Amino acid sequence: MLKLSKASKMPCRSWSLQALDTCPASKNSDGTLVDACKGCYATTGNYRFPNVKAPREHNREDWKREDWVQDMVSELDNDRYFRWFDSGDMYDLRLAEKILEVMAQTPWVKHWLPTRMHKFPKFAQVIADMESLPNVVVRLSSDSIQGETIQGATTSTIIPVDDEIKYASYTICKAYTRDGKCGPCRACWSKDTSVVAYPAHGKTMLKLIAVAN
């Protein structure tokens, strides 16, 4: 059975997994979390509740079903925008390949997939195949909390909340001006938006930035 979620910020549904548990690229070689993941929103607030965790744990096994791809295609019949992973990541190459199939079979849906799995060479081809689809934006997530981006890629990064002028060349997420909601903005789904910058929020992230500065 499919279990999709609808984050309050988002204008669409999403398919997600448990944060960190399915995010191998969230860690440095020494096992510590990369800066951008140290204040992960998906490990706080409502994401800690059992009823929120349950569908994400369910999805970790459900995608392995033989008919999962077709079920997803049918489920997205009336969707026009879709986000993969408001928490978690495509930790398994077989999952990534199935997601690609769903994307290819739902050309009426604009798919946005943020990921750090580009760090692993075996994911290069499936990410390239996703990016080749006109209805898909794979946005490679930077590990930085100081505005550094992944050069040559459609990417996203975190910036210090008071430094928007410094990053004027980026498309800055204005959700914080709309009670944390996307509102009419669809920049994350647009291939024309090369860099989306998210102003830091949350006590942990703000403390990390303060230390870095």
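Which residue lies in the loop between α4 and β3? The legends below, which describe a predicted model, return to this residue in the last view.

**View 1. Packing of helix α3 against helix α4.** The axes of α3 (residues 68-75) and α4 (residues 93-105) come within 9 Å and cross at roughly 35 degrees. The crossing of α3 past α4 is right-handed. On the α3 side, the contact is made by W68, V69, Q70, M72 and V73; α4 contributes L95, K98, I99, E101, V102 and Q105. By residue class, this contact comprises 7 nonpolar, 2 polar and 2 charged residues.

View 2. Buried positions in α4 are L95, A96, K98, I99, L100, V102 and M103. The elements that cover these buried residues include the strands β1 (13-15), β2 (81-84), β3 (110-115) and β4 (136-141), together with the helices α3 and α5 (124-131).

**View 3. The loop residue V109.** V109 is located in the loop between α4 and β3. Its relative accessible area is 0%, and V109 is therefore buried, the cut-off being under 20%. Leaving aside neighbours within four places in sequence, the contacts of V109 are with L76, D79, R80, Y81, F82 and N135. For one of these residues, D79, the C-alpha atom is separated from that of V109 by 6.1 Å, although V109 and D79 are 30 residues apart along the chain.

Technical notes
Residues numbered from 1 in each chain as written. Predicted model: local features only at pLDDT ≥ 70, side-chain atom pairs only at ≥ 80, totals over all residues. Heavy atoms only, no water. Axes fitted to C-alpha atoms, helices over the stretch in contact; angles between N-to-C directions. Helix = DSSP H or I, 4+ residues; strand = E, 2+ residues; numbered from the N terminus. Left-handed = near helix turned anticlockwise from the far one by under 90°. Contact = heavy atoms within 4.5 Å. Nonpolar A, V, L, I, M, F, W, Y, C, P; charged D, E, K, R; others polar. Buried < 20%, exposed > 50% of the residue type's maximum accessible area, 1.4 Å probe, protein only.
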